[in-house]
Amino acid sequence: NWLRVNKHSAMLLLSLARICRRAKLWGKARIFYETSLSILPLPETYYDLARLLDQLGDKEDAQECYQKGLGLAVEGVAHPLRTRSEKYTEKFREASLKELVIA
């Protein structure tokens with residue numbers, strides 16, 4: 001009920017992400033963390049998401065979150081996370097370039 005009324009509350013979303021993580025609802029936790037970051041990027045949210053991603057074996061995305069969280073903590077500048085489609089597009093481009101070089 002709180003989420004319906006406060007859907008733009010980064011802190012509520014962070015709290016829900018932590019609850020979902022403890023309940024082993026990994027997908028929901030990730031969505032809540034990412035939504036919280038899109039509203040209000042905080043180093044602690046990046047850190048929590050990075051730990052979840054590490055736990056799930058997604059080392060590349062975890063590394064990105066650790067870097068963004070550290071950058072935010074030190075420099076005070078928040079850069080948005082790349083979307084999943086942006087990540088796949090980058091991987092596709094890299095694979096295409098390798099194929100062109102080999103050919």
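## Helix packing and salt bridges in a predicted model

L72 is buried, with a relative accessible area of 12%, where buried stands for under 20% relative accessible area, exposed for over 50% and partly exposed for values in between (1.4 Å probe, protein chains only). The structure is a predicted model, in which local features need pLDDT of at least 70 and side-chain atom pairs count only at pLDDT 80 or more, while totals for chains, interfaces and linings use all residues. Residues are numbered from 1 along each chain as its sequence is written, and side-chain values use heavy atoms, with hydrogens and water left out.

L72 has its place in helix α5; helices (H or I, at least four residues) and strands (E, at least two) are DSSP runs, numbered from the N terminus. Along the chain, L72 and P43 are 29 residues apart, yet their C-alpha atoms are separated by 6.1 Å. P43 also takes part in the surroundings of G69, a residue that touches P43 and Y46 when residues up to four places away in sequence are not counted; contact here means heavy atoms within 4.5 Å. G69 lies in helix α5, which covers residues 59–75, and G69 is buried, with a relative accessible area of 6%. From G69 to D48 the separation is 21 residues in sequence and 9.7 Å in space, C-alpha to C-alpha.

At 7% relative accessibility, D48 counts as buried. Leaving aside neighbours within four places in sequence, D48 is in contact with L14, R18, R21 and Y33.

The packing of the helices can be followed next. Two packed helices are described by the angle between their axes and the distance between the axes. The axes are lines fitted to C-alpha atoms, for helices over the stretch in contact, and the angles run from 0 to 180 degrees between N-to-C directions. Helix α3 (residues 26–39) and helix α4 (residues 43–56) have axes that come within 10 Å and cross at roughly 150°. That angle makes α3 roughly antiparallel to α4, given that angles under 35 degrees count as roughly parallel, over 145 as roughly antiparallel, 65 to 115 as roughly perpendicular and the rest as oblique. The crossing of α3 and α4 is left-handed; a crossing is left-handed if the near helix is turned anticlockwise from the far one by less than a right angle, and right-handed if clockwise. On the α3 side, W26, A29, R30, Y33, E34, S36 and L37 meet T45, Y46, D48, L49, L52, L53, Q55 and L56 of α4. The residues of this contact of α3 with α4 divide into nine nonpolar, three polar and three charged, where Ala, Val, Leu, Ile, Met, Phe, Trp, Tyr, Cys and Pro count as nonpolar, Asp, Glu, Lys and Arg as charged, and the others, Gly among them, as polar.

Helix α3 also packs with helix α2 (residues 10–22), at an angle of about 160° and with the axes 8 Å apart. Helices α2 and α3 are therefore roughly antiparallel to each other. Their crossing is left-handed. From α2, A10, L13, L14, L16, A17, R18, C20 and R21 meet W26, K28, A29, F32, Y33, T35, S36 and I39 of α3. The residues of the contact of α2 with α3 divide into eleven nonpolar, two polar and three charged.

Charged pairs form the last part of the picture. Side chains of opposite charge can pair when their charged atoms come close. The structure holds eight salt bridges, each defined as a side-chain nitrogen of Lys or Arg within 4 Å of a carboxyl oxygen of Asp or Glu. One of them joins R30 to D61, the closest N and O atoms being 3.2 Å apart. R30 lies in helix α3 and D61 in helix α5, so this pair ties together parts that are 31 residues apart in sequence. R30 counts as buried at 11% relative accessibility, and D61 is buried with a relative accessible area of 8%.

Whereas D48 is buried, R51 is partly exposed, with a relative accessible area of 32%. R18, E44, D48 and R51 are linked in a network of salt bridges. In helix α5, K68 and E64 are four residues apart, about one turn of the helix, and their side chains meet in a salt bridge (3.9 Å, N to O). K68 and E64 are both buried.
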